[in-house]
Amino acid sequence: MSDVSRPTPTGVPSETRTAVVIPAAGRGVRLGPGAPKALRALNGTPMLIHAVRAMAASRAVSLVVVVAPPDGTAEVKSLLDAHALPERTDFLVVPGGETRQESVRLGLDALPPDYDIVLVHDAARPLVPVDTVDAVIEAVRDGAPAVVPALPLADTVKEVEPATVTGEPEPVVATPRRARLRAVQTPQGFERATLIRAHETVTHDVTDDASMVEQLGLTVMVVPGHEEAFKVTRPLDLVLAEAVLARRRLNDGF
């Protein structure tokens, strides 16, 4: 399999061309020892393949860049080659860095020049519905420099003073208004130039790309997320993901 396995689709206006960067170089320690989290099997298929298929399900997406573990690019290329993926979508595999932020930047560096919208998606969110992907892209097309899907919180959230020893009681310092809080998911969508500027400007480590854009003083917009776009982080999440896939097979008749 070559780095770019299929020709780039033609006939799509350059101003609407969308690429996805999937950082998949992490080890996923909370799932325990073994393969990197993105390569763990979900219903017999690596989570990464599910995530790539979720992005490629959007007809607006014409390129998916997978940022692989530095020592795992050949394995990831083989996985993409071995699984059925949409013919209309191009795929590229590049080695990642030490941090998620560095891996996203390396994925951005690999993008051809004719992509003006970039999505960044967690490989550990394998089940995001295509409607969510399309909603993020549409909001960027409508002029938002950065867009995130998010859900309202069901639980009350407390801000605490972290304990110095794990497991020790922690004093509450504030209770934020739940109505103003959202749990953010991916894919997060960006104007390419905005995301590149954010990565050039913000050098300290952050938890998501949208917060980097916030630090540029730009407004990040929120669109509705989906309950099935949860992040597979712990073993119980794998059980839930398997249940979602089983329900989908039952509903779709296969």
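Modeller: Start with the contacts (heavy atoms within 4.5 Å). Count those in the protein between residues at least 6 apart in sequence: 73% of them join residues at least 24 apart. This is a predicted model, so local features need pLDDT of at least 70 and side-chain atom pairs pLDDT 80 or more, while totals for chains, interfaces and linings use all residues. Residues are numbered from 1 along each chain as its sequence is written, and side-chain values use heavy atoms, with hydrogens and water left out.

The protein has seven helices and 12 strands. These are DSSP runs, numbered from the N terminus: H or I of at least four residues for helices, E of at least two for strands. Of its 254 residues, 48% are buried. Buried means under 20% relative accessible area, exposed over 50%, and partly exposed in between, with a 1.4 Å probe and protein chains only.

Now the salt bridges. The rule asks for a side-chain nitrogen of Lys or Arg within 4 Å of a carboxyl oxygen of Asp or Glu.

Take Asp 114 and Arg 17. Their closest N and O atoms are 2.5 Å apart. Asp 114 sits in the loop between α3 (100–109) and β6 (117–120), and Arg 17 in the segment before β1 (18–23), so this bridge ties together parts 97 residues apart in sequence. The two partners differ in cover. Arg 17 is buried, at 5% relative accessibility. Asp 114 is partly exposed, at 30%.

Next come Asp 122 and Arg 100. Here the closest N and O atoms are 3.1 Å apart. Asp 122 belongs to the loop between β6 and α4 (130–141), and Arg 100 to helix α3, so the pair ties together parts 22 residues apart in sequence. Asp 122 is buried, at 9% relative accessibility. Arg 100 is partly exposed, at 28%.

Last, Arg 248 and Glu 228. Their closest N and O atoms lie 2.7 Å apart. Arg 248 is in helix α7 (residues 235–252), and Glu 228 is in the loop between β12 (220–224) and α7, so the bridge ties together parts 20 residues apart in sequence. Arg 248 is partly exposed, with a relative accessible area of 27%. Glu 228 is buried, at 10%.
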